[in-house]
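Hello,

Please find the structure below. My notes on it follow.

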Amino acid sequence: MSACGGGGGRDPAPIDQVPQPPAAEPFGLTQRQPLAPFDLPTGSGTLSSYDLVNRFPGLGFSNAIYLSGVPGEDRLVALEQTGRVLAFDNDPGASSARVVLDIGGEILASGEQGLLGLAFDPDFVSNRYVYLHYSAPGPPRSVIARFTWNAGTDRVDPASRRILLELEQPFSNHNGGMLAFGPDGYLYIAFGDGGSGGDPGNRAQDLGSWFGSILRVDVHPQNPSDRYDVPADNPYVGDPDARDEIWAHGLRNPFRFSFDRATGTLWLGDVGQASEEEINLITRAGNYGWRVYEGNRTFDTSANSLPRAAFSFPVHTYDNTGGAAVIGGYVYRGTATPSLRGRYLYADFVTGQVWALAVDGTRVTANDQIAQASGPTSFGEDNAGELFLVSRNGGIFGFEETGGGSGTVPDQLSDTGLFADLTNLTPAAGLMEYDLNQPFWSDGADKRRWIGVPDGQRIGFTATGPWQFPVGAVIVKHFELALVEGEPSSRRRLETRVLVNTPSDGWRGFSYRWNREETEAELLTGGASELITVETPSGPREQRYDYPSQTDCLQCHTEAAGFVLGVKTRQLNRSRFFAGTNVTDNQLRAWNHIGLFDRNIGDTDAYGRFAAVDDGAETITVRARSYLDVNCAQCHRPGGPTPSDLDLRFDTANDLMNAIDTPPQQGDLGVAGASLIAPGNRSRSILWLRMQRVDGTRMPPLSSHLVDEAGAALISDWIDAL
């Protein structure tokens, strides 16, 4: 049900089945203009080959199996399957590696057993904790243990070992081996199905065991004598037939997984049986099919009673012509090889092929073989996000491009080709200006917006959810601020932001900062801030304005919200003046007329609209829920990047928001009896109180230093009326 009667919408008929009825009124757009060529990373995305270069030619490793950066230091650690942990400078000229731990005499180290994984505690710099995943004898078992790396001796102290959990292994293969901390601060652990072939015990489908699962535990328990706590939001907490530690299951041999450092998405390579290797996007309570399915193929349904819809299927598979043992990797977020940015790199242990996968949401847009390696066992990141490939044959390799797309962005806005006339901000051909019903609060800045869709491509339309955009789509947002409050003629150009749906990175954002003469805008590589003086009726006000870095963009343009925030049905379902035709028309109607959508959407009255803060024609509920959706729900929604389960989407019913009469989880601001939303009482409502602040408890927390007085008044009135 709709939380506030804001309108739902029907499923439109396909564009080739419903003829466009004759228009009683002229259209704002009469034809689709070809999109001008832009100097932006919007090409086809086909990558050429890359050279694998031995980054540390002065070092040698025996059966190297994993690599990681040491937090707070410019050093790396490499794991050898036989039991050694070696530390060395992150310098191509490094000539020696220090053995900081050797447990070779007490582990099983053959086949798929041995020292398999390592993770540094999120607070390693202060507590010096490091976690290992290894195989031990008597009986054969997988062990997850914590050690302390002594800063004085620069060695991991074997006597500091504290075993957190153990799993007896019925066979010597399919141990899994990876462990890593997620962005939520919890430790994720991978275990395989127990081994042999075909999962003879059907263990991966048994929630009563840890086999074939990703576990999620809190290694900083409230009681220090406990080994760990189970997070309360683990999916099977309280289920008597399941283990509380399980986060996801149905995996065969999840040898390597990783978290995308920009989005937090959990990527996993699951080694197949004989037909398919698979790449999975792991989510809470996901059942990834094994042994019922191998990849997308049915394997063994003899003990299965679940429908196909109960399983989560891979985002990508390859058959045994491409290899026989996938080595999951990382989404590249470094800077040394721009053309790989945003691609998920993975390899095959048997064939040595290395691929770069591009995914838009859950849709694969490209998969290019980029290199050939010898015995790849893992990938690894340093602290800056630069990526390495680890070979069992002794080398640690980096990637150097030998050709193909550069993925670079021009240094000046004028060189992008987005504007035919930069002085007057006249957009290039095919770049269409649009308006929103409820703009995002940007500390009083005025904004203009444009969108471009590649020729022959269409937008995937939905009535209430995020739209789907083709590779090459471009969205531009321009910011100005009036230096005299209330006088548009005093506006100063601040920045022009660009979102590009790139073939290699997916959605990528960057900003151009205008010079004081307002004649040109320069590309920002990092964030910046300035103090701006604004004249008000009560005197001058010093206002801080933040310019986002390229990585800041994805903190608001979240994957859970579909990356693109403003360009969607409820925002664009409104009229605007189209200067080219001298016609005022509904934007959706005009875009539909020129075939911009993947279907004929029909009558725009069938769809809901967001309401502006001051829209007196709408109820307070519609206006308030519109405001919260636009300003908060990109993060506060299922799958969002925040640690809370708050859901502020427009359609979420009040009793499902996890907000009303809900105690705050991130502090109560010293308010007695506080709730996130206390019906009828704004003064006890943390959501409203945080809107009033400009300190570290401010909401939204990024790039906002000025209270939205009108928005806060709306939310306070809405809360008091609940």
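**Salt bridges and cores**

Glu73 is partly exposed, with a relative accessible area of 23% (buried means under 20%, exposed over 50%, partly exposed in between, using a 1.4 Å probe and protein chains only). The model is predicted: local features need pLDDT of at least 70, side-chain atom pairs count only at pLDDT 80 or more, and totals for chains, interfaces and linings use all residues. Residues are numbered from 1 along each chain as its sequence is written, and side-chain values use heavy atoms, leaving out hydrogens and water.

The side chain of Glu73 forms a salt bridge with that of Arg128 (3.7 Å, N to O). A salt bridge here is a side-chain nitrogen of Lys or Arg within 4 Å of a carboxyl oxygen of Asp or Glu. Arg128 is buried, at a relative accessible area of 14%. Both residues belong to a network of salt bridges that also links Arg75, Arg98 and Asp154. By this rule the count comes to 35 salt bridges.

Another salt bridge joins the side chains of Glu485 and Arg541 (3.1 Å, N to O). Glu485 is partly exposed at 43% relative accessibility, and Arg541 is partly exposed at 25%.

The largest nonpolar core has 56 residues, of which Tyr134, Phe257, Phe379 and Phe399 touch the most other members. Such a core is a set of buried Ala, Val, Leu, Ile, Met, Phe, Trp, Tyr and Cys residues joined through side-chain atoms within 4.5 Å.

Regards
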